[in-house]
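This report goes through a structure in running text, from domains and chain contacts to the packing of single helices. The sequence and model are shown first.

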Amino acid sequence: MIWRFIIKRVALSFITVLTVVLLSFMIIKLAPGDPAVLLAGAGATPEYLKAVREAYGLNLPITQQLTIYLTSVLTGNLGHSITYSRTVIDVILGRLIPTVLLATTSSIIAIAGGIFLGLFSAAKPNSLRDELINISSLVLFSIPVFWLGLFMILAFAVNIPLFPTGGMASTTPPTGLYAILDVVWHMVLPVATLSAVFFGIYARLTRGGLLQALSMNYSVAARAKGLSEREILYHHALRNSLLPIISLAGTQINLIIGALVLVENIFSWPGLGTLIVQGFLHRDYPLTTGLLIFFAIITALMNLFADILNAIVDPRIRSSVGE
Amino acid sequence: MTLTMIERKNSSKLLLSVQNLKIQYRKKNEYIEAVEDVSFNIDRGKVVALVGESGSGKTTTALAIPNLLPANAIIKEGVILYKGKNLIQATHEELRAIRGKEIGMVFQDPTSFLDPLMRVGDQVAEVIVKHESIKKKEAILKAKNILEKMRVTEPERIYYYYPHQLSGGMAQRVVIGMAIACQPSLLIADEPTSNLDLTVQAQILNLLKALNHELGMSILLISHDLGVVSGIADRVVIMYAGRIMEEGDVHSIFKNPRHPYTRALLVASELGEDMVKQQNDFPSDLLSSSSGCCYRHKCPYVMERCKENPIEILLDQDSRVYCWLYSNES
């Protein structure tokens with residue numbers, strides 16, 4: 001049953017990614033100028049242009065071009081970057097680890113911290129601590145990311161020089177274990193900025209979900225069974241309130257990517273966020289469309305993951321697929 | 001108010017005694033009276049039915065017994081004596097030890113009272129683990145046994161089902177199983193058969209009857225339908241607008257209904273008409289006005305004296321009515 005569900009969702013994700021690839025193809029087609037020039041780069045020689053035309057089949061009819069484009073994307077060929085003179089895949093993979101490090105650390109802190117504070121808040125609704133958590137969550141997710149990032153640099157790197165202003169490692173990085181600590185030290189401010197924004201959302205969502213679950217009939221039944229509020233919170237309400245949190249975490253990946261671009265640029269983080277901005281600035285179309293497709297795949301994968309997770313938690317979703 | 005004669009006799013048989021219960025709901029800055037001066041007793045092994053239309057305060061009364069009222073409800077006055085202990089003054093710990101162990105609860109719309117993410121059998125086992133010092137494994141065996149006793153078909157399989165996979169009738173059997181798993185002395189069943197098919201309704205009522213006969217469990221059955229309670233109740237308490245209208249044993253209520261409202265309920269039950277539908281034309285100002293008989297606006301026998309609060313009139317040693325029509329009989 002669960003496998004059937006997973007297969008169905010994988011197929012759906014594949015269609016989503018395919019749609020994005022189609023759109024990116026259309027963007028290239030609709031873009032002004034000769035696509036061969038765009039792909040090969042402005043300074044390309046006529047021979048190279050001809051080679052590119054033949055390599056990408058630009059002399060062929062559009063339907064055939066589409067099939068060729070699709071097959072090349074599906075086989076992992078996203079073209080060549082103009083500015084890096086390497087394949088787009090190579091460029092992306094070279095920048096992937098810093099971004100994954102930043103995004104996963106921030107997401108884990110935001111989700112775990114948010115759920116924890118939400119629980120802490122819902123355990124005593126309308127108490128002083130609940131109000132404080134509520135207000136700070138609201139403030140946190142109302143602050144624009146770029147402002148918070150700049151504030152962090154000004155406060156904790158310039159005025160109180162506790163952390164570096166940017167980058168992922170010192171110019172002369174230490175060796176051994178100290179190299180890891182050096183990266184961690186560089187991560188503090190960007191991770192704090194990125195997680196702060198999403199932290200508030202998870203805290204509020206958890207609190208709301210828990211309070212709603214506690215007012216449901218099954219919580220009344222649990223009370224009638226003699227369970228304490230704490231037992232109801234952990235054995236029944238938390239699981240039930242996880243469902244919207246998982247869905248949110250999945251759909252929020254695009255917001256995280258957006259915030260990531262800002263944070264990476266503010267902190268000069270050598271990841272995909274700085275890469276895409278450089279791609280735009282240098283009009284490196286193969287790189288930017290490649291990144292677009294790459295982000296689409298990541299988004300689809302995260303949504304797929306969230307759906308599978310939801311199906312594991314919620315038996316109703318599993319059976320709705322039809323056993 | 002003084003204790004009635006009914007309350008004084010047979011005190012050793014007495015399991016639950018609700019005395020002069022008064023409950024208000026707070027809505028913004030308004031207080032709405034939900035239950036006013038409600039008193040009744042439940043003897044060990046007996047089935048008492050609380051009958052009235054929606055909004056009559058019967059569910060509020062039922063929820064007040066194990067102190068499961070929503071946060072905006074306030075018990076203004078009254079005593080709820082369970083085995084001689086006043087539950088209104090009990091601590092949270094004392095109440096938790098009583099809920100599920102001494103007093104079990106069954107509700108209307110059973111599926112919503114089951115956690116949608118937990119196997120139904122585990123929800124039965126949960127209450128056993130909570131109140132009995134036994135291991136999870138033994139509790140699972142016991143829960144399967146209980147499901148079988150609740151006449152759940154294939155309990156071994158159904159144990160691992162989730163609530164959404166069960167029919168309403170099957171879900172109600174599980175909820176009843178959950179309520180009686182620790183063999184409580186009192187089972188409170190709030191409209192246990194509403195929204196169920198007629199055949200399923202009969203099966204659930206038979207199940208409750210069996211619990212009463214075989215385990216000697218006392219039952220407080222709450223219903224809007226006199227027809228439902230006729231085959232199972234020993235005593236019937238009729239409520240309207242938060243007050244008791246009439247109380248008597250089941251035969252006297254059906255053979256010789258005294259209060260005009262009881263008669264109206266009987267007619268409705270015979271016609272198969274749903275008294276619930278009447279809730280909308282319920283005049284809301286009556287909820288706050290505390291003087292006079294609350295049924296006088298609908299009563300065909302209304303007279304001048306009905307503007308005064310009706311007093312409790314004992315008709316014989318076993319029944320009472322709150323109606324001025326019988327003021328000469330006491």
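## Domains, chain contacts and helix packing

Chain B is assigned domain 1 (3–102 + 187–326) and domain 2 (112–183), with bounds that come from an automatic or database domain assignment. The model is predicted: local features need pLDDT of at least 70, side-chain atom pairs count only at pLDDT 80 or more, and totals for chains, interfaces and linings use all residues. Residues are numbered from 1 along each chain as its sequence is written, while chains are lettered from A and ligands numbered from 1 in the order in which they are written.

The C-alpha centres of domain 1 of chain B and domain 2 of chain B are 29 Å apart. Between these domains, 13 residues of domain 1 of chain B are in contact with 14 residues of domain 2 of chain B, where contact means that the C-beta atoms of two residues, placed from the backbone, lie within 7 Å. On the domain 1 side, helix α8 (residues 198–215) of chain B gives the most, with six residues. Helices (H or I, at least four residues) and strands (E, at least two) are DSSP runs, numbered from the N terminus. By class, this side of domain 1 of chain B has nine nonpolar, three polar and one charged residues. Here Ala, Val, Leu, Ile, Met, Phe, Trp, Tyr, Cys and Pro count as nonpolar, Asp, Glu, Lys and Arg as charged, and the others, Gly among them, as polar.

Between the chains, 18 residues of chain A are in contact with 23 residues of chain B. On the chain A side, two or more residues each come from α9 (217–224), α10 (229–251) and α14 (315–320) of chain A. The most come from α9(A), with six residues. This side of chain A has seven nonpolar, six polar and five charged residues.

Chain A has 14 helices and zero strands. Its C-alpha atoms fill a box of roughly 80 × 60 × 40 Å along the principal axes. Of the 323 residues of chain A, 40% count as buried, that is, with 20 or more other C-beta atoms within 10 Å of their own, the C-beta atoms being placed from the backbone.

In helix α12 (residues 272–281) of chain A, the buried residues are Leu272(A), Gly273(A), Thr274(A), Leu275(A), Ile276(A) and Gly279(A). Their cover includes α5 (88–123), α11 (253–266) and α13 (285–313) of chain A.

| Helix pair | Angle | Axes |
|---|---|---|
| α12(A) and α13(A) | about 140° | 8 Å apart |
| α11(A) and α12(A) | roughly 90° | within 7 Å |

α11(A) and α12(A) are therefore roughly perpendicular (65 to 115 degrees) to each other. Leu260(A), Val261(A), Val263(A), Glu264(A) and Asn265(A) of α11(A) make this contact with Gly273(A), Thr274(A), Ile276(A) and Val277(A) of α12(A). The residues of the contact divide into five nonpolar, three polar and one charged.

Leu272(A), Leu275(A), Ile276(A), Gly279(A) and Phe280(A) in α12(A) meet Leu287(A), Thr288(A) and Leu291(A) in α13(A). Six of these residues are nonpolar, two polar and none charged. Just after α12(A), Arg283(A) has a positive phi of about 50°.

Methods: A residue is buried if 20 or more other C-beta atoms lie within 10 Å of its own, exposed if 12 or fewer, and partly exposed in between; C-beta atoms are placed from the backbone. Axes are lines fitted to C-alpha atoms, for helices over the stretch in contact, and angles run from 0 to 180 degrees between N-to-C directions. Angles under 35 degrees count as roughly parallel, over 145 as roughly antiparallel, 65 to 115 as roughly perpendicular and the rest as oblique.
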